[in-house]
Amino acid sequence: MKILMTQRSLANFGGSELFTVEVANELAGRGHQVVIYTKIIGDVAKLVYAKGVDVVTRLSDVPWKPDVIHGQHHLPLIAALSYFKDVQAIYFCHGIKPWAERPPAHPRIRCYFLMCEWMRMRCI
């Protein structure tokens, strides 16, 4: 499967950045093709290259049309959905207080995943 992940930054060693690294590496290790789209590439990106995961700052650099978009963070996900006009997405929500992490509403987001029950109740 061809999976495009979105992330606002891979510069700092934060929670959502390391989550992205772990998921991307696991998916690649299971034989999937994975690309991470982010606007900021830093040292964290080096943690995925060994597994064959590409990191791009422009959606036009994604080497194929994804089968699914694994979205994180509002703006990069909406950008990916706008670029790949007929690709479905899932959204993994890491927080609800910062606006950039709030789950966006979009008809092609098929499933929302939240970190805990507390967040689920606030997102409903």
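Modeller: The largest nonpolar core in this predicted model has 17 residues, and those with the most contacts inside it are L4, L59, V62, I69 and L77. Three elements each supply at least two residues of this core: β2 (33–37), α3 (74–83) and β5 (89–93). Apart from it lies another core, this one of 16 residues, with V21, V23, A24 and L27 among them.

Let's stay with L4 for a moment. Once you set aside its neighbours within four places in sequence, L4 is in contact with V35, Y37, L59, V62, W64, P66, V68, I69, H70, A80 and F84. Notice that L59, V62 and I69 turn up in that list, and they're also among the core residues with the most contacts.

F84, one of the residues L4 touches, is worth a stop. A search of the whole structure finds two aromatic pairs. In one of them, Y83 and F84 sit edge-to-face, 4.9 Å centre to centre with 80° between the planes.

S16 sits in helix α1 (residues 15–29), and S16 counts as buried because its relative accessibility is 7%, where the cut-off is under 20%. Leaving out residues up to four places away in sequence, S16 touches Q7, Q72, H73 and H94.

Side chains of opposite charge can pair when their charged atoms come close. The count here comes to four salt bridges. One of them joins D86 and K65, whose side chains meet at 3.0 Å, N to O. D86 lies in the loop between α3 and β5, and K65 in the loop between β3 (54–56) and β4 (68–71), so this pair ties together parts that are 21 residues apart in sequence. D86 is exposed at 51% relative accessible area, while K65, at 46%, is partly exposed.

Another salt bridge links R58 with D61, the closest N and O atoms being 3.1 Å apart. Both ends have some surface showing: R58 is partly exposed at 48%, and D61 is partly exposed at 36%. Then there's K46 with D43, whose side chains meet at 3.1 Å, N to O. K46 is exposed, with a relative accessible area of 56%, and D43 is partly exposed at 45%.

The chain has four helices and six strands, and reading along the sequence you get β-α-β-α-β-β-α-β-β-α. Buried residues make up 45% of the 124 residues. If you take the contacts between residues at least 6 apart in sequence, 50% of them join residues at least 24 apart.

Notes: Residues numbered from 1 in each chain as written. Predicted model: local features only at pLDDT ≥ 70, side-chain atom pairs only at ≥ 80, totals over all residues. Heavy atoms only, no water. Core = buried A, V, L, I, M, F, W, Y, C linked by side-chain atoms within 4.5 Å. Buried < 20%, exposed > 50% of the residue type's maximum accessible area, 1.4 Å probe, protein only. Contact = heavy atoms within 4.5 Å. Phe/Tyr/Trp six-rings, centres within 6.5 Å; stacked < 30°, edge-to-face > 60°.
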